[in-house]
Structures are given as C-alpha cells and as structure tokens.
Amino acid sequence: MDLQEITWKAFYRKDGKKGIRNKILVIYTVECASFVAKEIVSKAEEPEVEVIGFSGCTDNAYAIRLLIALIRHPNVGAVLVVGLGCEYVQPEWLADVAREAGKPAVWFYIQEQGGTKKSILLGIQLVKKLKDRLQSPKTVSMGFQDLVVGAECGGSDYTSGLAGNVVVGHFFDALVDAGGTAVFEEIVEAIGLVGLLTRRAATQKAEQEIASTYEKALEYCKAVRQYSVSPGNFAGGLSTIEEKSMGAVIKSGSRPIQGVLKVGAPPARHGLWLLDTTPDPHWMQFGITNPNDNEGIMDLISCGAHLVFLVTGRGNVVGSAVAPVIKITGNSRTYLSLQDDIDFDAGQVLSGQCSQEALVQQLFTMVGNVAAGSYTKSEMLGHKEYFIPYKYQEKDVVMRPCKL
Amino acid sequence: MNGKAFQIEKQDNVAIALSELQPGLVNIIGAQCKELEISMRISEGHKFALYDIKAGTAIIKYGVCIGVATRDIVAGTWVHLDCMKSLFDERSSHLDAVTGKPKDIKYE
C-alpha cells in the first residue's frame, strides 16, 4: 500500500485547514445553559449537530483554551454558543473566535430570549440556518500527510501492551514516515522510561520538554504515593508501573519525538508529539490526572487530531464529540463480546491469524475509510461524549533545571 | 498440549501466558519460537521466567527493565509481586500476589 497515493475529499476551512467531518457545535458556557443547549441538539435531529460545553461559571483558563481549540478544530464547520447571561465565560467572544477562523457563528443569552421554550425554538432555527450555510461546502483533496491522529489507552489488560498498542505504534511509524502527524499521551504512564523517551527527542528543546514534563509527573506520583497502576492491573499479571508504562508507551512507535504539547496547542510541524494532560503544580491542586478516558480523548482532539484511537483491553463503548474515535482491542474475546462497539481486533496477531504487517495495512484501510466519511461504530450508535473539567495547566511547558 | 506464551523482544527474560497454562511443555511464540518446560500453573496474562534469574538483576520485558528480582527465580516459574519489585513504586511489591489487593492497610 503506497500511502502517498491514497487521498479523499475533505472539507476546506478558510484558515487553510482540512477537516474530515462538517459539524455544527452547540456550546453552552455554564451548566445553567446546558439543558437548553442539549434540547436544541436533540430536537434538531441532525447527526452532525452536537453539544459540548463547560459547566463552571468562572472562566477557568484551561477550559477556555479547550473550548477555543475545539471551535478552531478543522472538523467543525459552524458554531452556536448558548449562554445564560451572568456567567464569566463570554459566548460572544467564543463566537468571535469562530468567525475569525472563517466559520459561521451565532450566539444568544437565555435571559434575553425569555427563558427555556423561546431559547430552544430560537436555537433550532439558528441551527437550521447554520446547516443551510454549510450546504455546499468547499472540498479539497486530503491525504495521510495532512492527517493528525491521536492515541490513548484505557481499560488496559495484558493484550494492550502485546497487540493493541503495538499496532498503533507501527501505524504511527508509517504515518510519520508518510509525512503525517501523530499525538500520544499519558505521561504518568511513562514512569520509569524517561531515558527511553528523551533518547528519542528530535531536538534539544524537545529533550528538555520531555524531561521537565516527566519530572513533573514523577513528583506528582511520589507526592500522592500513587502510580497509575491498580489492583486490577496487578491481578491481571502486571507487576510494576514500569511494566504498565512500557505497554502504554509502545503505542508511540519508534520515531523521534518533536516535543511536548500542552492541552489545546496545535503541533508546530509534522511528526510525532507527546501530549501532557497532567495538571501543573498549583496551590489548590487543581485537577487530577486521568479522571476518565473521554478527558484524554478531548485533550487529543484539542490538539487538532482529526480522529483518535482508543486502545482497550477490557473494553469500552465511548465515542466523542468533534472527532471520530476508532476503538481497538488486542483482546479477541473482548472484540467478540463488544462487536457493536469495537472497531478493530488487533488480537488476530496473537492467535497467529494475521501478521503484524497485514494488521497495520488493515488499520490504514480503516482510517482511510473513516477519514473519507465512513462512520465508526461509536458514530453509528450516536456516541458524542465530551469532558471539559476545571484544571490548572500552564499554556507552555514549564522547563525545569533537570539532570538529564 | 498446553497453550501458548508470547515473548516480545529477543533480550526479554520473561514470556506472557496467552491462556491459562498448566505445568508441562509450553510453546513460546513471538521474538523466538521454542518450547519450555514450566513447573507451575500460570494464569492468562501473567509472566514466567524464560531463564534462571538471580536476585537483584533486572526483569526484562519489551527489551527494557521493568523491575528487579527480589530473590532467585527459577526458569519456568511465575514472575510477579512476590519475587520482583518496581524501582519506583515501593508499595506494589507489598500487595497480594494473586489478587493485587493491598496488605499494608487496615480498615479499622
């Protein structure tokens, strides 16, 4: 399979980006506006209209950066922002961000529209108008060199490190070689492997970024005496955090790491990037690491991932707003029992049914089809999860004076 | 015939059971293909030693050190919490080897 020759039709955005979906986002700016926003989406009955939002009244910088990054995401074509009217988070400013990126955007306050019923009716009309404006989208040819793919793992079992994450690692190597972009995360699951990661740094700056981010994660784990490994992992055969880490990091493949991304930051160039989702030190301990899989998926999408791999061993059913999720398992038993939910069975390689090379080809075929518009299993079922919490995170990597 | 076990990298000194294994000959696949006699039952997803491993030396999986042996380990036996420990997480080697449950804390 020559990856350079595979192309599909993508949606062209005025800021020059290429999207693989053409979504309308309905965004609430405080929990008080969430019911109205969700009703607008459910009554609009359009598969590509979906809701996201932030529940807090205070404008937490991390959450705002996430919302802005999702508005600018190439899979998003238009935006409706719904506010209550007295929150810190400003719907008008969010609509401005969308317009600056060349996307049709409207907003309103529920308090000014006369309450729930009128707001929902107005919202449905506005969504219809936005839909009309997306009717004849400008399309453009897109290939793997334009694609950004994210990867994370959740509900891991021993097969994740043997098959599920392994096929993603091989995929990432080939994607990067074809000029594409790959993002992987979970620095708290890289404990014990700092040398292995810094050795792969593409530049000296990247080496410092990786070492500083690792140091931060290790301090966090030491402080709470808790590593990202649990009784269920031990019962399943994992003996140490280093062992679990390696099973997770293997999904990054073997290519040089260009640097560390913070949540909401787009990669500065093609290649492989490490995403840091852990909170930065703050006197209030704002945010926890890994509250759930959808937080990680959202963070990857905020860095511009057109689609995300979720590697699972025990099984998961989630999808996401904004970008398709391809669920991969290394456990053929899990694949069989959750066949309506899981897209890809990497366990074929453990039973000897399929070679590693053939498996990677299969995954490229699936990704090409999804990028061209085919629905993933979670899209077919209507999964549109999102998770935007309060968290304290710096905008850039805080460099530490580390001993490398 | 017993089930199979998977060895990830050539330099690894452990392999992973792909199904529950009984004492006897096991087919190793992956980085090398060979047969090995194991002397105890190994649960699916758990590791066993491919060679004798001396106390204090590294346990190698994925070609990297995933911890050190806390006592001498005989080839063909189970490698887990009771005979190896993390270089980072001092708590994990004190957990129950079979269930993974903490033994260092009492609830009242």
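This report looks at domains, helix packing, the chain interface and salt bridges in the structure above.

The model is predicted: local features need pLDDT of at least 70, side-chain atom pairs count only at pLDDT 80 or more, and totals for chains, interfaces and linings use all residues. Residues are numbered from 1 along each chain as its sequence is written, chains are lettered from A in the order in which they are written, and side-chain values use heavy atoms, without hydrogens and water.

**Two domains in chain A**

Chain A is assigned domain 1 (23–136) and domain 2 (142–381). The bounds come from an automatic or database domain assignment. The C-alpha centres of domain 1 and domain 2 of chain A are 29 Å apart. Each domain gives 17 residues to the contact, where contact means heavy atoms within 4.5 Å.

**Two interfaces**

The size of an interface is often given as the accessible area lost when the parts come together. Here buried area is the accessible area (1.4 Å probe) that two parts lose on being put together, summed over both. A salt bridge is a side-chain nitrogen of Lys or Arg within 4 Å of a carboxyl oxygen of Asp or Glu.

| Interface | Buried area | Share on carbon and sulfur atoms | Salt bridges |
|---|---|---|---|
| Domain 1 and domain 2 of chain A | about 1200 Å² | 61% | 0 salt bridges |
| Chain A and chain B | about 2400 Å² | 60% | 3 salt bridges |

On the domain 1 side of chain A, A:Tyr62, A:Leu70 and A:His73 lose the most area to domain 2, together 33% of what that side buries. Between the chains, the contact takes 28 residues from chain A and 32 residues from chain B.

**Salt bridges**

Over all chains, the count is 24 salt bridges. In one of them, A:Glu48 pairs with A:Lys23 at 3.7 Å, N to O. A:Glu48 lies in the loop between helix H1 (34–44) and strand S4 (49–53) of chain A, and A:Lys23 lies in strand S3 (residues 23–28) of chain A, so the pair ties together parts 25 residues apart in sequence. Helices (H or I, at least four residues) and strands (E, at least two) are DSSP runs, numbered from the N terminus. Another salt bridge joins A:Glu243 to B:Lys61, with the closest N and O atoms 2.7 Å apart.

**A helix pair**

In chain A, the axes of helix H2 (residues 61–71) and helix H3 (residues 91–100) come within 9 Å and cross at roughly 35°. Axes are lines fitted to C-alpha atoms, for helices over the stretch in contact, with angles from 0 to 180 degrees between N-to-C directions. From H2(A), A:Leu67, A:Ile68 and A:Ile71 meet A:Leu94, A:Val97 and A:Ala98 of H3(A).
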